[in-house]
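Please examine the sequence and coordinates shown here before reading the report.

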Amino acid sequence: MKNFDADFILGIDLGNDTSSISCFNARAGKPEAVDLSGGYGKPSAPTVLQYLRETSEWVFGEYAVQNEGADNEVLISDIIRNLENGERAAPYGESLGYAEILGVYIRELVKNVKTLNPNAAIAGIAAVAPSWAGERAKSDLRAAFKEAGLGDKLIGLVSDRQCILGRYYFDNYQKKAARSKIMTIDFGSREARAGVYEASITGAVVNINCTASHFDVNIGARAINDAARELFEKFYHLADGGTSARPTRQALDSFAYKHRDLLFQRALKPIRLYFNFTYPPTQYNMSARDIKDFVTPFEVQLTDFIETALKKAGFGSKEAALREIDDVICVGGGFEMDWAKKTARDFFGEKRVLFYKNAKVAAAEGASVVAAARLGTIENFKEIIIRDKNQLRADIGLKVRCLKNELFTPLAERNSFWWQERPPKYVILDEKTDAPVTITLWKRDAAGDVSRLKEITLQNLPKRPRGVTKLKIAARFDARDSMTLLAEDCGFGELFPKGSYSQRFTLNLDVNRDAPDLNA
Amino acid sequence: MGTLGFDLERGLFLGIDFGTTNSVASVYNFSDGEARTIPIDGGNIFPTAVQFEADPEDDTKLSRIFGTQAREGAVIYPQSTILSVKRLLGNEEKIEIIVGEKKYSFTPEQVAGDIIGYIKQKSDEYAQEELNIAGEFSGCVITVPANSTDKQKKKIKESAILGGFDENNVYLRLEPAAAAISYAVNETSDKRALVYDFGGGTFDACVIQVKIEEIGEPSISILSSYGDNNLGGNDVDKIIIDMVYEEFKRLTGGEIDLFDDEIDDGVSKRQKKVALVRLQQAATQAKERLSTAKTAKVVLAPFLQEPRIVSVNMEITREDFLAHRRVNQLGDSDELFEKFRDKNVEDMIGDTLRSVDKCLEAAGLTDVDEIFLVGGSSSIPRVSELIKEKFNKEPFKSRVSPALSISQGAAYYCNMIMMPTVKGPVVQEKTIHPIGLEIAGRRFLEIVASGVDIPKEGLAIEAKELLTTNFDNVTSMAIVVYENTSPEKSDKLQSVNSKGMIRLAGTSLRGIPQGEKGKEKVKVIFNVGQDNMLRVTARSMSESGAVTELSVDELYK
């Protein structure tokens, strides 16, 4: 076993709304959350940066949110979402890619670790990547770490599910039976995700099969926070009788940020809302009934979500699910809300539901465990391997010539779920189209080896010379074993206007079978 | 999810850091052997604030609102909200509030008791809902600043009892010592460390020694502690308040005095109170921002509305903030203002470093292996810089947040009280300063030396020599107890008038039979408890057997 007592082994979870870091305490043999609030005990910080033009400095996290509008600053949020979209921003005139911006954020985030022990070095970092993240998103994440000067410390990107289950199995490795059935519910900021897994322990490796997964973008914690902000705004207007000016968005955001805890993290008790950001200050007394009315629809939504997830996993009834599932792991910032915890407890019963001390940090803690395992500091526990029949085991795509090279261009990326939406690709045919054109679909495995998968023939293309037929090709899965390819003519300038050509191919392409030996 | 064990020997104890600005409660979780902070009203940090209002169901009664809501409510209801009550503990003066038209008055310990009671109630609920414990917290370990007077300690104990804890189960521990424990629990090597605790209202320094026992558990000894009860983040805030007030004076031509309610300057009392609460909040926010950014804006627009609109809109740079010397009294007492007049933040940090020197001197050290920063005010970047300059090493912050470490340390203490037989860190309590009696010639007779281990049952030390009467036919003898915070390295007895001597208590032993001087002899026993409370017993050795006992209870009744 290697000794990293004096060095930091980090797990970093970069979320679109909040981020967190965990440090694996090799001495105590457990992951610990790092304070990101300047000493006030909050283990997560908003994924927000503020650039102060006058002093050319970056402010990160909570201070950036709370002081929004206080200076001549540029506030950058939605960093992860924009990273995926390939957007750019120009906080000081110069255009920056979001990978560079995320790099700045990571640098600021990691500074907090130094306060634990200013003399320690970083031994390695595992970063959480969403299960559905494709190669592009992953390469941007890697680029961001490089930008932060930590490229050489990055041990790897670990899927969120590996982190959550890694955290769980690290705690329960000795206690758990060799086989068990686990459910995870990740109540994140953008969506809620659930999965049902069958796990078996073989030596130092936990092999996990995902038997069902479910997600819903309508019940993310962010949507609830937005609704809370609207509610606060409504009460603000009720409190001042419509006499004061409309509050600035910054003032309301900052107010909502400070009062969210009061609203969500305690049992339904009346709250005094003091709107001190306006002058003269006003007040609204929010009753327990107001809070109940606000929270109830979300409770119903979460219960429905859990029921649907169980149905998808093939449980005939709730009772059957309760009989078979050993533990339900609840993670994500959503479960820091009192009502959400209560809903899960009421549904599953007290004993089966497991909440971590810091629900938001569980993924980062899991990542630090994975990092520690990979660095060889943990005995008896090495790796979590998840097989998900709903996840593509290989990239599926086309070979496209670019200058003199032939490049593999994925239409559907490895690790993405079959039900995900995929952006189309645009290609130009390198041959005349007076006869049917046959193109080959390829698959690329994790090792980068590309092999032939299927051939499709494009028929009835508009007749055009070589190099002027531009096609839009989109891939979509209708079921786990059924992929549809849609090819459409895009036209080519004024000389070759868009024609009516459109052809659909349904291919029997089991995501598991076509790449049986791969994993995240 | 871990649950607490049920086989507790002394009931369940809560660790409370009752701070000037914020309070934190933690519990020791037996299942994972860790202290866990209890979120109260959703946050780990609970503002030490209470707001009174008429009970909606019975307007002859008062109801109370606590924490964040009270702190925010202070802007609208400054006359019925109490902030920073800890600074008032030990004062005889009552706190007056106005609800509606009615005036009410409370002792500081009643108000502190209300707040502690709310913390207890929320912690009881948490224990039941999250830790599956039936029952409630019967006892607590509540922390006090290192330099608290016995009277302040007594008042905080009284507050905890008023808050609902069992009279015999309220333990006091020193704040820096508690913080030290939360750091030391994970230590695996012997070391001496300095805990630098710059809180909201007080500054404390404490030198600890960690020794790893054979079984691998750390044994922690407090070698010395030293502090300043009137130096904290609130005083740093006042630098920014002073800067803003200077700007305000410029805008108003010095015609309005916000700190004088009685003066007729056209601004109502209520308006002045509201303005001051807003100013305080803006100053705190600007100070916190200056910990991470180089500039902060203070915008109070409008700051006053009548007799004319006055708006403040100023930018403060970190350099200005560190360099500004205070010029306004800002409602402080003359004594307190004298302490901070013409001082800047650098000077204040300098004062803390002088306390550090005294603490090191008392421990007989010139250097330590590690320095830990505790308390919200230690987040000021200049603190780390100056400490680094002084010790030539980077100070540590904790894996535990600096703001939570005191309460978590108190929770470890709880474990030692609740389950003394269970393994875990052990704190070896020691006496901090020599304590003794005044004897003839106004000299100090040391009875309890510094650095003596205090066993669980308390430390009982008998004066080596019996005291004798100095005059013929006296029937009483003065028993006056002093603490010597600056012991001299000399065999000569120090005068009780010398610097560093603190008179702790005094009483008289009456009923000594008349006789020649020197005939009657009196035996004195000092009993120091683990909570650093002192009880002195003086007994006449003659047949009369007159006895007097001196303790905090007797002193301040």
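## Model and conventions

This is a predicted model, in which local features need pLDDT of at least 70, side-chain atom pairs count only at pLDDT 80 or more, and totals for chains, interfaces and linings use all residues. Residues are numbered from 1 along each chain as its sequence is written, while chains are lettered from A and ligands numbered from 1 in the order in which they are written.

## Contact between chains A and B

In chain A, 37 residues are in contact with 36 residues of chain B, contact being defined by C-beta atoms, placed from the backbone, that lie within 7 Å. Strand 6 (57-60), helix 7 (249-264), strand 15 (271-275) and strand 18 (353-355) of chain A each give at least two residues to the side that touches chain B. Helices (H or I, at least four residues) and strands (E, at least two) are DSSP runs, numbered from the N terminus.

By class, this side of chain A holds 16 nonpolar, 11 polar and 10 charged residues. Ala, Val, Leu, Ile, Met, Phe, Trp, Tyr, Cys and Pro count as nonpolar, Asp, Glu, Lys and Arg as charged, and the others, Gly among them, as polar.

## Domains of chain B

Chain B comprises domain 1 (1-182 + 399-427), domain 2 (187-397) and domain 3 (435-555), with bounds from an automatic or database domain assignment. The centres of domain 1 and domain 3 of chain B, taken over C-alpha atoms, are separated by 35 Å. Their contact takes 6 residues from domain 1 and 4 residues from domain 3. On the domain 1 side, helix 3 (150-162) and strand 11 (170-174) of chain B give two or more residues; this side has 2 nonpolar, no polar and 4 charged residues.

## Nonpolar cores

The largest nonpolar core has 255 residues, and A:Ala127, A:Ala367, B:Val195, B:Tyr196, B:Cys206 and B:Ile208 have the most contacts inside it. Such a core is a set of buried Ala, Val, Leu, Ile, Met, Phe, Trp, Tyr and Cys residues joined through C-beta atoms within 7 Å; buried means that 20 or more other C-beta atoms lie within 10 Å of the residue's own. A second, separate core of 23 residues includes B:Phe444, B:Leu467, B:Met501 and B:Phe526.

## Helix 8 of chain A

Helix 8 (residues 288-312) of chain A has 25 residues. Its buried residues include A:Ile291, A:Val295 and A:Phe298. Just after helix 8, A:Gly314 takes a positive phi of about 85 degrees.

Note on methods: The expected span of a helix is 1.5 Å times one less than its number of residues. A residue is buried if 20 or more other C-beta atoms lie within 10 Å of its own, exposed if 12 or fewer, and partly exposed in between; C-beta atoms are placed from the backbone. Two residues are in contact if their C-beta atoms, placed from the backbone, lie within 7 Å.
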